[in-house]
Amino acid sequence: MFDPVIFDRALIGFSLAVHIILAVMGIAIPVIVSAAEFIGIRTGNQIYETIAKRISVALVIFFAVGTASGMLVAVELFALWPSFMVLVGQVALLTVLIEVGFFFLEAVFLAIYIYGWDSFKNRYAHWAMSIPVIIGAGGSAMMITMLNAFMNTPVGFNIQNYLATGTLSGINPLAVFNGPSTWVEVSHVLSTSYFTGAMIVAAYLAYRMLRAKRDSKVYEYHAKALRIALAISAIAIIFTIYTGINSITAMYAQQPEKYAAMEADLIPQSHAPEYIGGLYINGTLQYYIPIPDMQSVLATGSPNGTVPGLSSYPQSTWPPLIIHPLFDLMVILGFALGGFFALVAILYLLRRTPLKVRPILWLTLVAGSLSVLLLEAGWIVDELGRQPWIIYGVMTVNQAANYSQSVVPITIVLMAVYIIVVPFTLYVLKKVFDGRPLEKELR
Amino acid sequence: MDFLYAINHLVFSAFMTLFILEFGVACLLLIDYDGLKDKLRSYINPIWGITGTFAVFYLLSTAVTYPALMGIVGNVFIVPLFVVAFFILLRNAFMAYSEYIGGGKNEKLYLRFFSISTIVIAFVLMSTFATAISEVGYSNLQLDLSFMANPYNISLFISIALIAIAASVLYFDIRKSEKFELLAAAIGLALLIIPTAVFAGYMRQGIVSYWYLIVADIVFLAVIATLGYFDKKIAGPLVMLWLFLSVNLFCLVQYPYLLGGKINLVDYLVNPATGFYDGIVTAVIFALLVVSLPILMKFVYANRRGY
């Protein structure tokens, strides 16, 4: 007999790890498509319309697979965490219900946008159809993140009474829209989604530019599209950094165990150094570089500020300490990507055409891949950092889990499906674009 | 709180209407692919995306209306829920593939897979609904295999399949099948009596209470079939309305019990504070959809381009 909880965790973790990649594509691509069409209308340059048309095909495919994957995640929430859904259903599920509304908005207007392309005499009217798609995609992400924020900082019911008696009282279903971490999380998730989604597209476009003949129309097409994708990423990374710092500050106040595990703080202390690297071996942190006072300054604004330590909490509520190296990885990747954009900006100032420099295209390709790693690392830090809680301080993962042995084969089958479907979707995208030669569309 | 479950029934009815029509399309694509493909495809794209989202909408609407029921749903129906989700994933993938990398044999193959996936979804869904209502195949918070392989469930599946085919023939105005639709609908309705009669005593009570609505429903179908027979275009939209009203009537007849009367849904309703907002939000989303779907269909079908 297997422990079904391990399989519950594995399935939801794996599904979400895949789903968030599809989701960020679905959030960012509409902005790229909309921007391309708008520029095309304003400048009268046909290449931009071709960019919008071709990338919107990819959007439809990601939307189709993303919808199914999202549906699977929704079913997983019900089936793998039934007790969690019972509580959430009474207090916070309004967010997910509104999410479906946003999703419908996206689906309906995406269909009009795609299938009604040639039917609008006024091109601005057609372009306007992309705006609800952008709102729908972003709104969906916002609502789902609000539920996640509820899991990190639960609100909307009398928690003390629930913990004491197991009954829900003092329910305020609107509190979930403005919880302590709601807007910090929402702003961070949205900015990282736009950033990562646009960077994935940018990486693909850079790859195509590397393969295309210079000064050809195909090259020009990809260069124009890359400029749009990188512009969106550049704006988004500024917000990502700002909202990321806000997230850590909020975590310091709201989820001290998570904060302490992320920063590898075993004991509360003032003048806390920032530990770069390090692994816990036999209860002590080893192989790290300390930067004196840095953590206290970053967290409290003063070297005298005290940061929390895990020793203040029962060991049973400590998150896995692996999140410290993952947090470090996240910060390092963030700096690396920031450096990439700084380099591009400097080259723009000096040469004005950095996207024609082949090493920059290679770097874009690498940066796109790293942005996915950054997204996954950030998500794992957030979710693992909340362990052992599914709803912080209220319900543990073990209390919420489904203990049916049926979970075991289901997990194996669905993970296999994900492993097949995602590469196959990419294969389909390749086939789609192979079947529609760009040269022909640019003629 | 009556409003809340009424809205839940409306969402279910809308989902089932779209799904039954899609189920009919899947069957017809297997029956006569070459003859019907173009006509059916132009409907199914892009409606399949909306149908899928409606499935999630219904699931969520049920979760917000009866949150305490989710423990039972998650534990008992975990396998059918995942089987349905798995085949929805396949259905979506094959539909998208057929749309963009179709052409000739590939398109036919992908649409075959789409059809088979949709039929499997229909079978598992019907089995799940049949068990949720009748308790057949359920005991001690567990399902056994008989939840899918029992004569009531199979007769329900066949009857819905026939009704779906008849409705699709009418909706898509498939002229060469004008007698077939009447026969299919008649057999489907006749077969429906078997599971309904066996399901549970409380449903018989509902049937007695709402006999006049059931008679009106059958008369309405007869009128639509006649209009279809005489080549009246209005029969297509009316058949959608009939499906919607019939599913809603079914909800009315079986409410408020599940699992052979063991579960009274009223005991599982959400708290009034949350229920108030859930009801408003669900109603607003539903109303917006009711308005936007016909616009979308009119718009897309009138302006279809070979995307």
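**Close-up views of a predicted two-chain model**

**View 1. Salt bridge between Asp382(A) and Lys258(A).** Asp382(A) and Lys258(A) are joined through their side chains in a salt bridge, with N to O at 2.7 Å (a side-chain nitrogen of Lys or Arg within 4 Å of a carboxyl oxygen of Asp or Glu). This pair links distant parts of the chain, 124 residues apart: Asp382(A) belongs to helix H13 (residues 358-386) of chain A and Lys258(A) to helix H10 (residues 256-262) of chain A. Helices are DSSP runs (H or I, at least four residues), numbered from the N terminus. Asp382(A) has a relative accessible area of 18% and is therefore buried; Lys258(A), at 1%, is also buried. Buried denotes under 20% relative accessible area, exposed over 50%, and partly exposed in between (1.4 Å probe, protein chains only). The model is predicted: local features need pLDDT of at least 70, side-chain atom pairs count only at pLDDT 80 or more, and totals for chains, interfaces and linings use all residues. Residues are numbered from 1 along each chain as its sequence is written, chains are lettered from A in the order in which they are written, and side-chain values use heavy atoms, without hydrogens and water.

**View 2. Salt bridge between Glu37(A) and Arg123(A).** The closest N and O atoms of Glu37(A) and Arg123(A) are 3.6 Å apart in this salt bridge. Because Glu37(A) lies in helix H1 (residues 4-43) of chain A and Arg123(A) in helix H5 (residues 123-128) of chain A, the pair ties together parts that are 86 residues apart in sequence. Glu37(A) is buried at 2% relative accessible area, whereas Arg123(A) is partly exposed at 24%.

**View 3. Salt bridge between Glu22(B) and Arg91(B).** The side chains of Glu22(B) and Arg91(B) form a salt bridge of 2.6 Å, N to O. Glu22(B) is in helix H1 of chain B and Arg91(B) in helix H4 (residues 78-100) of chain B, 69 residues apart. Glu22(B) is buried at 0% relative accessibility, and Arg91(B) is buried at 2%. In H1(B), 24 of the 30 residues are buried.

**View 4. Interface of chain A and chain B.** In contact (heavy atoms within 4.5 Å) are 62 residues of chain A and 52 residues of chain B. Zero salt bridges are found across this interface. Helices H2 (46-80), H3 (82-91), H4 (94-115) and H15 (407-434) of chain A each supply at least two residues of the side that touches chain B. H2(A) gives the largest share of that side, 18 residues.
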